[in-house]
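This report describes how two protein chains are built and how they meet. Please keep the sequence and the 3D view open while reading.

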Amino acid sequence: MRHDVGLALVAAGVLVVALACVGALLVRDRYDRLHLLSPTSSLGGPLIGVGLTVELGVGFTSIEILFIVLVLFVSGSVVSAATGRLLAQNAGDVSNEPRA
Amino acid sequence: MTGYTVCTAVLLLGGVAPALAVASRGTPEERLIGLELVSSAAVLFMLVLSQAIGQSFYLSVPLVLAPLSFAGTLVFTRLLGRRGPS
């Protein structure tokens, strides 16, 4: 039972990541492409991490996996924001002057 | 072939491969988005791979890759930004 639940969660996460990556390949607009980056780290990663934790049970390996997924989760949103600002700066939509 | 092996193959072919294609074409900003996608997909690929082959010490690679790709991407966003008037 635990194996099936873990595998189902991991499969769902893998599906999210695969769809986001294929979608990023198909869309042309750079902002749409940036938008498709978020599901990988904010939905696919946690699903895979929780699925592997359910499969393995509580232990050092599970904590390591959850830590990796947490780093990916936090860094994904920061990187998306920084890249969005870079795109807007280079398009001239926002100023690149330092704030006073 | 176990379910985790299939998940690993799907992640490699449906996640890492398209992300590599995104990272290899377009403007520098578009390729940076592809690089971010490759990093995320590669970290998750190695997580599932370690479970598929039953070797937990393989987790050391994503453990290092996740923070390093974060720092590297922030450096790229800084370097690719247009310079202001001097």
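Which residues in α4(A) meet which residues in α3(B)? Glu64(A), Ile68(A), Val71(A), Leu72(A), Ser75(A), Val79(A), Ala82(A), Thr83(A) and Leu86(A) stand on the α4(A) side. They meet Pro62(B), Leu63(B), Ala66(B), Pro67(B), Phe70(B), Thr73(B), Leu74(B), Thr77(B) and Leu80(B) on the α3(B) side. Two residues are in contact here if their C-beta atoms, placed from the backbone, lie within 7 Å.

The model is a predicted one, in which local features need pLDDT of at least 70 and side-chain atom pairs count only at pLDDT 80 or more, while totals for chains, interfaces and linings use all residues. Residues are numbered from 1 along each chain as its sequence is written, and chains are lettered from A, and ligands numbered from 1, in the order in which they are written.

**The two chains**

Helices (H or I, at least four residues) and strands (E, at least two) are DSSP runs, numbered from the N terminus. Chain A has four helices and zero strands, and from the N terminus on its elements follow the order α-α-α-α. Its radius of gyration is 17 Å, well over the 13 Å that the globule rule gives for 100 residues, so chain A is more spread out than a compact globule. Chain B has three helices and zero strands, in the pattern α-α-α along the sequence. Its radius of gyration is 16 Å, well over the 12 Å from the globule rule for 86 residues, so chain B is also more spread out than a compact globule. The radius is taken over C-alpha atoms, and the rule is 2.2 Å times the number of residues to the power 0.38.

| Chain | Span of the C-alpha trace |
|---|---|
| Chain A | about 55 × 35 × 10 Å |
| Chain B | about 60 × 25 × 10 Å |

A residue is buried if 20 or more other C-beta atoms lie within 10 Å of its own, exposed if 12 or fewer, and partly exposed in between, with C-beta atoms placed from the backbone. Of the 100 residues of chain A, 38% count as buried; of the 86 residues of chain B, 45% do. Among contacts in chain A between residues at least 6 apart in sequence, 68% join residues at least 24 apart. In chain B, residues 24 or more positions apart account for 53% of the contacts with a separation of 6 or more.

**The contact between the chains**

The contact takes 38 residues from chain B and 38 residues from chain A. On the side of chain B that touches chain A, α1, α2 and α3 each supply at least two residues, and the largest share, 13 residues, comes from α2(B). This side of chain B divides into 24 nonpolar, 10 polar and four charged residues. In this count Ala, Val, Leu, Ile, Met, Phe, Trp, Tyr, Cys and Pro are nonpolar, Asp, Glu, Lys and Arg are charged, and the others, Gly among them, are polar.

Two packed helices are described by the angle between their axes and the distance between the axes. The axes of α4(A) and α3(B) come within 9 Å and cross at roughly 10 degrees. That makes α4(A) roughly parallel to α3(B). The residues of this helix contact divide into 13 nonpolar, four polar and one charged.

**The nonpolar core**

A nonpolar core is a set of buried Ala, Val, Leu, Ile, Met, Phe, Trp, Tyr and Cys residues joined through C-beta atoms within 7 Å. The largest one has 50 residues, of which Leu11(B), Ala41(B) and Val48(B) touch the most other members. Two or more residues each come from α1 (2-26), α3 (38-56) and α4 (60-90) of chain A and from α1 (3-23), α2 (28-53) and α3 (60-80) of chain B. The most, 15 residues, are given by α2(B). Leaving aside residues up to four places away in sequence, Ala41(B) touches Val17(A), Cys21(A), Thr40(A), Leu11(B), Gly15(B), Val16(B) and Ala19(B).

**Two single residues**

Gly49(A) is found in helix α3 of chain A and counts as buried, with 24 C-beta neighbours inside 10 Å. Ser56(B) lies in the loop between α2 and α3 of chain B and is partly exposed, with 16 other C-beta atoms within 10 Å. Not counting residues up to four places away in sequence, Ser56(B) touches Thr61(A) and Ser50(B).

Terms used
Axes fitted to C-alpha atoms, helices over the stretch in contact; angles between N-to-C directions. Parallel < 35°, antiparallel > 145°, perpendicular 65-115°, else oblique.
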